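Me: I would like to learn how to read a model like this one, feature by feature. Could you walk me through it?

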Amino acid sequence: MRPVEIKPNIWSIAVNDRTTDLFEGLWPVTNEGVSYNSYIIKDEKSVLIDLTKDIFSEEFVDQIAKIVDLKTLDYVIVNHVEPDHTGALTRFREIAPNVTFIGTRQCINMMNDFYGMSENTMTVKDGDTLNLGKFNLKFLTAPMVHWPETMFTYLEEEQILFSCDAFGTFGCLDGITFDDEAGDNLPWYEKESLRYYSNIIASFSRNVLNAIEKAAAFPIQIIAPSHGLIWRKDPMRIVSLYKKFAEYAAGPTEPGVTILWGTMYRNTERAMEAVLQTITAEGVPVEVYNVADVHPSFILPSLWTKRGVLVACPTYERAMYPNMVHMLDIAEIKHVKNKVAGYFGSYAWSGGAQKVFEGYAEKLDWEVVGALEFIGMATEEDIQAIQQIAQQVAKKSKEG
Ligand SMILES: Cc1cc2nc3c(=O)[nH]c(=O)nc-3n(C[C@H](O)[C@H](O)[C@H](O)COP(=O)(O)O)c2cc1C
Ligand SMILES: [Fe+2]
Ligand SMILES: [Fe+2]
């Protein structure tokens, strides 16, 4: 995208990535895309905040050159070394060999690890400031939001928080830059912020809350993240959304039940069908995901926000239906704790899926209200027992 002046002498340079199918090699963004946002501050000293992914190096450099002469650029602030924000570094140094790279001690070490770069660096600590002339920048470390070296950069005069991954969303910026330009698409970006959060940030929720608390000490007019919309009309909107998402990790979650299901010959599916009205009769919403069809990226938002989870799948080779194992592995990696849960599924001779479920539930501290393996087609008795499990999950999900 062309540079957008967000305040006098402060520019957004965003690259829309419509090429990458899997963000981080994991999370589908084929339809949604994702943006990598960088920022330029022009003053007596000029600064670029964050770079971009390697494959976009050339267009990135072209856009920056519209605003500053790269030969005169003084600093690049590296809030985060993950290559979606530093991949262009090698190319960038060829064009601007004298620029000084600023980051935390771990950031500087990591740039050496990733790019063999050890010169022209400046290490900053939490609370350090940098005078650019008229403007002053303050560096606020934000460890594990998303990596250990991560920091925020705060522009004191304009009260802009350059927050890197924090407060980011998936989704390209289709001709817009700010929250107030999103119009009817704002709920879509907010939905993508939850998907981004549950896919990328969820494991670090405690750190997100710490970082929000730290940033709260400063007045904020604009939240300028490294992915998605810049929030200037209502910067606290995205902060409060992130706070809510982060609090789901350990605090109260929303009433409702996520059903994760999979089947080979529909015995488990028919049992699953029989619990849907049991759940809605408790007055709570239910979201139903076939784990063989839906990528975990699109399931995690429901799993993260809803208190109840029902796992429904058959035994497969004395263990669990493999797509469900994959989903539960992802849930474990993403620290999806704080759930009330149940299991049911069909088997033919040995069973085994229930035991696998119980293993995950233990690792994730899920409160298991019941589990039932049934042979072949569920009998009326089986169905009643499964409905009881579902009812308990739905009921308990209302307790927060
Ligand atoms: C490839 C394959 C492997 C299976 N392995 C086991 C097994 O190890 N133990 C068992 O009790 N049932 C096993 N089953 C049987 C299924 O669990 C059983 O058919 C069940 O009813 C399938 O449930 P569904 O109709 O929901 O797919 C296996 C079935 C298939 C197709
Ligand atoms: Fe990151
Ligand atoms: Fe990122």
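Reply: Gladly! Let's start with what "near" means: a residue is near a molecule or strand if its C-beta atom, placed from the backbone, lies within 6 Å of it. Do keep in mind that this is a predicted model, where local features need pLDDT of at least 70, side-chain atom pairs count only at pLDDT 80 or more, and totals for chains, interfaces and linings use all residues. Residues are numbered from 1 along each chain as its sequence is written, while chains are lettered from A and ligands numbered from 1 in the order in which they are written.

Me: Which residues come nearest to ligand 1?

Reply: Met264, Tyr265, Asn267, Thr268 and Pro314, out of 19 residues around ligand 1. Two or more shell residues come from each of α8 (267–273), β18 (315–316) and β20 (340–347); helices (H or I, at least four residues) and strands (E, at least two) are DSSP runs, numbered from the N terminus.

Me: How do I read the domains, and which element gives the most to the side of domain 1 that touches domain 2?

Reply: Domain bounds come from an automatic or database domain assignment, and here they are 4–247 for domain 1 and 254–397 for domain 2. Their centres, taken over C-alpha atoms, are separated by 38 Å. Two residues are in contact if their C-beta atoms, placed from the backbone, lie within 7 Å. By that test, eight residues of domain 1 meet eight of domain 2. On the domain 1 side, β4 (27–28) and α5 (186–201) each supply at least two residues, and α5 gives the most, with four.

Me: What do the buried residues of α5 pack against?

Reply: They pack against β4, α6 (205–215), α7 (235–247) and α10 (296–305). A residue is buried if 20 or more other C-beta atoms lie within 10 Å of its own, exposed if 12 or fewer, and partly exposed in between, with C-beta atoms placed from the backbone. Among those buried in α5 are Tyr189, Glu192 and Ile201.

Me: And which way do the residues of strand β14 point?

Reply: In a regular strand the side chains alternate between the two faces of the sheet. In β14 (residues 222–225), Ile222 and Ala224 point one way, Ile223 and Pro225 the other, and all are buried. Strands pair if DSSP finds at least two bridges between them; β13 (residues 160–164) and β14 do so in the parallel sense over four bridges. Ile160 has Ile222 as its bridge partner in β14.
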